Amino acid sequence: MKKTILGSALPNIPWEDKPKGCRDVVWRYSGNPVLNWNPIPRAARIFNSAVLPYKNEFVGVFRGDQRNGRATLFFGRSPDGIRWTIGPDPIDWVDEEGKPSPLSFGYDPRFVQIEDTYYIVWCDDMHGPSIGLGRTKDFKTFIRMPNPLMPYNRNGVLFPRKVNGKYLLLSRPSDSGHTPFGDIFLSESPDLIHWGRHRWVMGRGGQGWWQNTKIGAGPVPIETTAGWLLFYHGVSNTCNGFVYSFGAAILDINDPGKVLYRTRDYLLTPEKPYETVGFVPNVVFPCANLYDADTGRIAIYYGAADTCTAIAFAQVDELIDYIRNNSEVF
Ligand code: BMA
């Protein structure tokens, strides 16, 4: 069988075949949502969270909004990627000297393994929203690293390997509030400390009004024979506020600042009650994807209505064909 995903096998990936008669290339897990209101005593809502395979189980960094209204990050484990044991307490961050370095707030984490280290990128507080970066090797000690970017920026995603010898970070520069604009930019670093050579990658707009207000990178990009497969969120503005959907793009493998294809239409938009009703209605916000390189299966983890965690599935070859044939690059 030809392999499109350039990565590891994951035979225990959460998976459900596409329902008969479904015409979409991304379909929802029938057991959604996998985390609902008040999932643990210290968090009222867990959503926009990131997971990774680890040995024969799964680990995750979760956005938990506490009862004081502040978002923070929790660590969790799962035997199957669906049933999660999270917390019970938020992650105890330390600095490079091992001194406590608590977050003032932290949200929308991404979780990525690069070589033997697990990195977490999130929206942090540096006199306003900025990108946070930290690492762990054992899921016990979590070390905060310098903020890679200046404020304001609320959405950061690291690539899973160096490209041309550099670490790469996608981000969405913003204002300090619920930003009414946003494009995707790329920054590079030799050491994860010094960042530069910032480039614009992709903008809002085009024929698809679902991505007319702002767009931001979603999960860690997946390396494929077609290029980097990147799910991204797109936002439209309505008389009742923002609506968050998601689509996908394919970026050049050796020059990921170059967009080869991107979806004109959304792949998933809020439709189900757990996506349209909640703390913030009408949000689907993908922060993680698992894949099995042997079968081409992809499981996408997304936050729903800033309240729940849900899963959707796609088959890589079908998805890439769809993106190529329904693309609008602008
Ligand atoms: C974004 C972020 C996300 C959130 C979304 C919808 O700006 O704050 O965490 O899911 O708004 O509220």
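**View 1. Residue N289 is paired with I300 of strand β21.** Bridge pairing of this kind joins strand β20 to strand β21 (residues 297-304), which run antiparallel and share eight bridges; two strands are said to pair if DSSP finds at least two bridges between them. Strands (E, at least two residues) and helices (H or I, at least four) are DSSP runs, numbered from the N terminus. The model is predicted: local features need pLDDT of at least 70, side-chain atom pairs count only at pLDDT 80 or more, and totals for chains, interfaces and linings use all residues. Residues are numbered from 1 along each chain as its sequence is written, and side-chain values use heavy atoms, with hydrogens and water left out.

**View 2. An open sheet of four strands has the order β1-β22-β21-β20.** Its pairing is antiparallel. The edges are formed by β1 (27-28) and β20 (284-292), each of which pairs on one side only. Strands of a sheet pair through backbone hydrogen bonds, either parallel or antiparallel.

**View 3. Strands β7 and β8 form a hairpin with two residues between them.** Strand β7 (residues 107-114) runs antiparallel to β8, and six bridges join the two. Within this pairing, Q113 has Y118 of β8 as its bridge partner. In the turn, E115 has a positive phi of about 55 degrees.

**View 4. Strand β8 also forms a hairpin with β9, with three residues between the strands.** The antiparallel strands β8 and β9 (residues 129-136) are joined by eight bridges. I120 stands opposite G134 in β9, and H127 in the hairpin takes a positive phi near 55 degrees. Strand β8 (residues 117-125) is mostly covered, with eight of its nine residues buried; buried means under 20% relative accessible area, exposed over 50%, and partly exposed in between (1.4 Å probe, protein chains only).

View 5. The C-alpha atoms fill a box of roughly 50 × 45 × 40 Å along the principal axes. Of the 330 residues, 58% are buried. Among contacts (heavy atoms within 4.5 Å) with a separation of 6 or more, 53% join residues 24 or more positions apart.
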